[in-house]
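Me: Could we go through this structure together? I would like to start with the ligand.

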Amino acid sequence: MDILVLLLFLIPIYIANSAPVILGGGKALDLGTNFLDGRRILGNGKTIRGFIGGVLAGTVFGGFVALAYQLPFFTGPFEQFIAAFIVSLGTMTGDSLGSFLKRRLNIESGKPFWPDTILFLIVALLFAFPFVNSALYQPFNVIFFLMLTIVMHPLTNALANKFGLKKVPW
Ligand code: CTP
Ligand code: MG
């Protein structure tokens, strides 16, 4: 499988995951409510604007990719665009799921948690499953996605921190 194709598939996922740092703010996604354990459901790090902004940013970028380049996992540009929306939604759901788990484990918002690195990708891939050709999930591709993300996630976070976009370097 062409590496370019794999990278183009990842773009909406990475964009969706990074956009909330810039687009986020305002009302918390959990509206400030607590879970049964008395701690916040998600915490103040997950905002409605960040969630919607992430989904929109990933979808828009995926839409441009669909216009420019036909990926082999999809039957056509429209399916590819819909898949960009689905993986962006999966990315933001995975991001929120990570925060939900962190709060249950009593890890404060913004503190590091190793699943943060890949959970968004895993949930995005699971969401995509009904919409793509199963060739996407061959072991080489999945290992490539995981390895690249494990390398890129800390790197982009450190850069976002250096440029003042993110409070912490992780
Ligand atoms: N963000 C947001 N809305 C989201 C996700 C992220 O507004 N749905 C913004 C917040 O400003 C957040 C920043 O992006 O602080 C970094 O995101 P992330 O690292 O995912 O959140 P944390 O602050 O680390 O919170 P948590 O511990 O819950 O992951
Ligand atoms: Mg964080």
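Me: Which element gives the most to the shell around ligand 1?

Reply: This is a predicted model. In it, α3 gives the most to the shell around ligand 1, namely five residues.

Me: And which elements each supply at least two residues of that shell?

Reply: They are α1, spanning 3-23, α2, spanning 48-68, and α3, spanning 77-104.

Me: How many residues surround ligand 1, and which are the closest?

Reply: Ligand 1 is surrounded by 19 residues. The closest are Lys-46, Thr-47, Ser-99, Lys-102 and Arg-103.

Me: How do the residues of the shell divide into nonpolar, polar and charged?

Reply: Five residues of the shell around ligand 1 are nonpolar, eight are polar and six are charged.

Me: What lies 3.3 Å from an oxygen atom of ligand 1?

Reply: That is a polar side-chain atom of Asp-95. Lys-166 also has a polar side-chain atom 3.5 Å from an oxygen atom of ligand 1.

Me: What about a nitrogen atom of ligand 1: which residue has a polar backbone atom 3.5 Å from it?

Reply: The residue is Phe-51. There the polar atom belongs to the backbone, whereas for Asp-95 it belongs to the side chain.

Me: How much of ligand 1 does the protein bury?

Reply: Ligand 1 exposes 570 Å² when taken alone, and the protein buries 83% of that.

Me: Which pocket is the space taken by ligand 1?

Reply: Ligand 1 takes the space of the largest pocket. About 1,300 Å³ of space lies in this pocket.

Me: Which lining residues are closest to the centre of the largest pocket?

Reply: Of the 48 residues in the lining, Val-21, Lys-46, Asn-157, Lys-166 and Trp-170 are the closest to the centre.

Me: Changing topic, how many cavities of 30 Å³ or more are found?

Reply: A search of the whole structure finds one. The largest cavity has a volume of about 70 Å³.

Me: Which residues line the largest cavity?

Reply: The lining includes Leu-8, Phe-9, Pro-12, Gly-62, Val-65 and Phe-74. The elements that give two or more residues to this lining are α1, α2 and α3. The largest share, four residues, comes from α3.

Me: And what classes of residue are in the lining of the largest cavity?

Reply: Nine are nonpolar, two are polar and none is charged.

Definitions and conventions. Residues numbered from 1 in each chain as written. Chains lettered and ligands numbered in written order. Predicted model: local features only at pLDDT ≥ 70, side-chain atom pairs only at ≥ 80, totals over all residues. Heavy atoms only, no water. Near = heavy atom within 4 Å. Polar contact = N/O pair within 3.5 Å; in protein donor to acceptor, adjacent residues only side chain to side chain. Areas by Shrake-Rupley, 256 points an atom, 1.4 Å probe, with all protein chains shown as cover. 1 Å grid on protein atoms, 1.4 Å probe; cavity = no way out; pocket = protein on both sides within 12 Å on 5 of 7 lines; lining within 4 Å. Sits in = over half its atoms within 2 Å of the grid points. Nonpolar A, V, L, I, M, F, W, Y, C, P; charged D, E, K, R; others polar. Points joined across faces, edges and corners; volume = space filled by probe spheres on them.
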